[in-house]
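Subject: Structure for you to look at

Hi,

Here is the structure I promised to hand over.

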Amino acid sequence: MSTSFERYQKRRLISSYFSVVISISLVLFLLGLLGLLVLNTKKVADHFKEQIALTVYLKDTAKDVEIEQLKKSLALAEYTKSSVFVSKEEAAEEHSKEIGENFMEFLGYNPLQNSIDIHMKADYVSSDQIDKIAEDLTAKNYVDEVVYDKPLISLLNDNVKKISFWILVISGIFTFIAVLLINSSIRLAVYSKRFIIKTMQMVGATKSFIRRPFIWQSVKLGIIGAVLALIGMAGVLYYLNNSFPELELLSDKKLLTALFLGIFLMGALITWLSTFFATSRFLNLKTDELYY
């Protein structure tokens, strides 16, 4: 009979530990994903900003030497991510493909202009800075006009600010919820052993002596949960990096290391604090209060 009861108790203990580990790992995994999102918000925003093109249209009277000088100066400019020269012949061919017919046969000439498409670095994609760049380029006598989508730039910058703000707010709320959930799981695990805690106290064991095995056990569960969460995060990060290599999610090794280390330490720290306060609560209760 005693052997059967011991097996039953052992199964209950394993089940309790398993539940705590799963709870901790899921919470830390979701918190880690949110951390990855926070770290990469700027990269994602920069990626979209750098897709916006500023097009410089050149006059037909522009000399080849002037065009070459402009191409070189733009390639070396601090605000340029990349620049591509598009001849009027290439533009006409591309336009014909888009509309499905050769429009020059009807017109008898090519009305398009030579142009240079500039993709700018994200830090320079703002209305004020692009206006200044466009003004400097337009001042050249062989440049006809500079075209870019100003409303889109303003809308993109406004949305990036709003999204960044709400991500930080949600991160703070979710961190608070994560702490509460892990704390609840640990408190339930300690609650199931409240009579053992009180029995040890009644036979003369000190509070620190009673706490020590509970804290050590919870920290081990927290570390296991954190490791499982980190494995899941690594898998998601690997998948996203392969799916969206242009975002270069693995480029900043220091930040990623800090995030992974932070999640690991959080798993150990929260479980340590939760167990400390949970055991203290039951140590300070009177015997008859353990039944409520």
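**Helix packing**

Helix 8 (residues 207-243) and helix 9 have axes that come within 8 Å of each other and cross at roughly 150 degrees. An angle over 145 degrees counts as roughly antiparallel, so helix 8 is roughly antiparallel to helix 9. The crossing, in which helix 8 passes helix 9, is right-handed. Sorted by class, the residues in the contact of helix 8 with helix 9 are 20 nonpolar, 7 polar and 2 charged. Please keep in mind as you read that this is a predicted model.

Helix 8 also has a partner in helix 7 (residues 194-202): their axes come within 9 Å, again with a crossing of roughly 150 degrees. That makes helix 7 roughly antiparallel to helix 8. Helix 7 and helix 8 cross in a right-handed way. On the helix 7 side, the contact is made by Ile197, Met200 and Gln201, and on the helix 8 side by Lys207, Phe209, Ile210 and Phe214. By class, the contact of helix 7 with helix 8 divides into 5 nonpolar residues, 1 polar and 1 charged.

Helix 9 (residues 253-283) packs against helix 6 (residues 150-191) as well, at an angle of about 45 degrees and with the axes 9 Å apart. That angle makes helix 6 oblique to helix 9. Here too the crossing is right-handed, with helix 6 passing helix 9. The contact of helix 6 with helix 9 has 8 nonpolar, 5 polar and 2 charged residues.

**Transmembrane annotation**

An unreviewed UniProt entry places the feature "transmembrane region" at residues 17-39, 163-190, 221-240 and 255-278.

The model has an open sheet formed by 4 strands in the order 2-3-1-4, with antiparallel pairing. Strand 2 (80-86) and strand 4 (143-147) are the edge strands, each pairing on one side only. From one strand to the next, the twist averages 20 degrees. As a reminder, strands of a sheet pair through backbone hydrogen bonds, in either a parallel or an antiparallel way.

Which residues face each other across the strands? Strand 2 and strand 3 (residues 115-120) run antiparallel and are joined by 6 bridges. Within this pairing, valine 84 stands opposite aspartate 117 in strand 3. Strand 3 is also joined to strand 1 (residues 53-58), by 5 bridges, and these two run antiparallel. There, leucine 54 stands opposite isoleucine 118 in strand 3. In a regular strand the side chains alternate between the two faces of the sheet.

That is what I have for now.

Best wishes

How values were computed:
Residues numbered from 1 in each chain as written. Predicted model: local features only at pLDDT ≥ 70, side-chain atom pairs only at ≥ 80, totals over all residues. Heavy atoms only, no water. Axes fitted to C-alpha atoms, helices over the stretch in contact; angles between N-to-C directions. Parallel < 35°, antiparallel > 145°, perpendicular 65-115°, else oblique. Left-handed = near helix turned anticlockwise from the far one by under 90°. Nonpolar A, V, L, I, M, F, W, Y, C, P; charged D, E, K, R; others polar. UniProt positions renumbered as here; feature names shortened; annotations may be inferred. Pairing = 2+ DSSP bridges. Contact = heavy atoms within 4.5 Å.
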